[in-house]
Amino acid sequence: MDKNILSRDGTSLAYESAGRGSVVVLVSGAMSTGATVAPLAAPLSERFQVVVYDRRGRGASGDTAPYAVEREVEDLAALIEAVGGRASLYGVSSGGALALRAAASGLPVRHVAVYETPYAMSVEDLAERARYGERLTAALAEGRRGDAVELFLRLTGLGEDVIQGARQSPMWAGMESIAPSLAYDDAVMGDGGVPRELLAAIRVPVLAIAGDASPAWMREAARAVAESVPRGTYRTLEGQTHMVEPDVLAPVLAEFFAR
């Protein structure tokens with residue numbers, strides 16, 4: 001990240017941009033930084049000015065207590081202002097929930113595209129999200145960052161063998177370093193359900209995408225987003241999972257953002 005701006009509360013945000021044209025901001029999800037979505041910037045930058053940033057509390061960006069979802073919306077507002085005053089947003093996973101919240105709050109946004117925003121689609125899943133939030137809060141309050149990461153990995157459906165293998169890997173220290181930001185994504189997701197009232201307030205076109213090789217509930221969640229906004233479109237990508245291939249996703253986003 002080679003540039004910095006200050007958000008409204010004084011938090012330093014690191015970002016970089018590539019390409020020319022109308023602005024597209026990429027919003028990363030949980031346990032990730034701007035570097036996670038950077039591979040998508042390369043194909044998109046052939047047609048747009050693509051902005052990648054580290055959300056607060058991760059990567060090269062700063063952090064300021066106390067956290068509130070509104071601060072992350074202000075971060076996007078400051079970023080959009082710095083790069084021209086108007087932008088389209090793409091958010092992956094819980095980053096999609098943040099992008100949708102930003103659009104609903106009235107930020108100068110042209111379009112919003114989201115990929116597999118993980119809204120719970122059953123009473124059982126909502127209860128699981130609530131338990132996860134309680135345990136995550138406790139783990140972080142007690143400084144048990146590794147346990148917090150484990151809780152998140154279990155929530156995503158990884159098996160115990162895989163989780164314990166990850167804990168022994170070189171990447172674990174980096175995961176623990178941004179573990180406090182898991183609480184931020186949990187807050188962005190609200191109670192975990194589809195925020196239909198909030199989505200109904202979005203006045204710009206929204207594209208909700210899912211991979212057809214992902215679990216059925218993720219496709220259901222994407223469809224629910226598209227149906228809850230006034231100008232929504234739902235689309236699936238053949239053969240794709242939650243770890244979507246940038247070269248498959250980029251043409252779909254480019255077509256949508258160019259409208």
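1. Ground rules. Residues are numbered from 1 along each chain as its sequence is written, and side-chain values use heavy atoms, with hydrogens and water left out. As this is a predicted model, local features need pLDDT of at least 70 and side-chain atom pairs count only at pLDDT 80 or more, while totals for chains, interfaces and linings use all residues.

2. Strand E4. Start with E4, residues 49-53 (helices, H or I with at least four residues, and strands, E with at least two, are DSSP runs numbered from the N terminus). Five of its five residues are buried, where buried means under 20% relative accessible area, exposed over 50% and partly exposed in between, with a 1.4 Å probe and protein chains only. In a regular strand the side chains alternate between the two faces of the sheet. Here Gln49, Val51 and Tyr53 point one way, Val50 and Val52 the other.

3. Neighbours of E4. Strand E2 (residues 12-18) pairs with E4 in the antiparallel sense over four bridges, and Ala18 stands opposite Val50. Pairing takes at least two DSSP bridges between the strands. On the parallel side of things, E3 (residues 23-27) also pairs with E4 over four bridges, with Leu26 partnered by Val52. E3, H1 and E4 make a right-handed β-α-β unit; right-handed means that, with the strands pointing away from the viewer, the path from the first strand over the helix to the second runs clockwise.

4. Gln49. Why does Gln49 count as buried? Because its relative accessible area is 18%, under the 20% cut-off. Leaving aside neighbours within four places in sequence, Gln49 is in contact (heavy atoms within 4.5 Å) with residues including Ser17, Ala18, Arg20 and Val83.

5. Tyr90 and strand E5. Tyr90 lies in E5 and counts as buried at 2% relative accessibility. Beyond its neighbours within four places in sequence, its contacts include Leu26, Leu40, Tyr115 and Phe257.

6. Strand E6. Six of the seven residues of E6 (residues 109-115) are buried, so this strand is largely enclosed by the rest of the structure. E5 and E6 run parallel and are joined by five bridges, with Val92 opposite Tyr115. E5, helix H3 (residues 94-104) and E6 make another β-α-β unit, right-handed. E6 also runs parallel to E7 (residues 206-211), joined by four bridges, and Val112 stands opposite Val206 there.

7. Helix H5. Its buried residues include Gly146, Val149, Leu151 and Phe152. The buried residues of H5 pack against H4, H6, H7 and H8. After H5 comes Gly157, with a positive phi near 100 degrees.

8. The largest pocket. Its volume is about 1,200 Å³. A pocket here is an open set of points on a 1 Å grid over the protein atoms alone where a 1.4 Å probe fits, with protein on both sides within 12 Å along at least five of seven lines; lining residues have an atom within 4 Å of a point. The volume is the space filled by probe spheres set on the points, which are joined across faces, edges and corners. Of the 42 lining residues, the closest to the centre are Ala30, Ser93, Phe152, Thr156 and His242. H4 gives the largest share, six residues.
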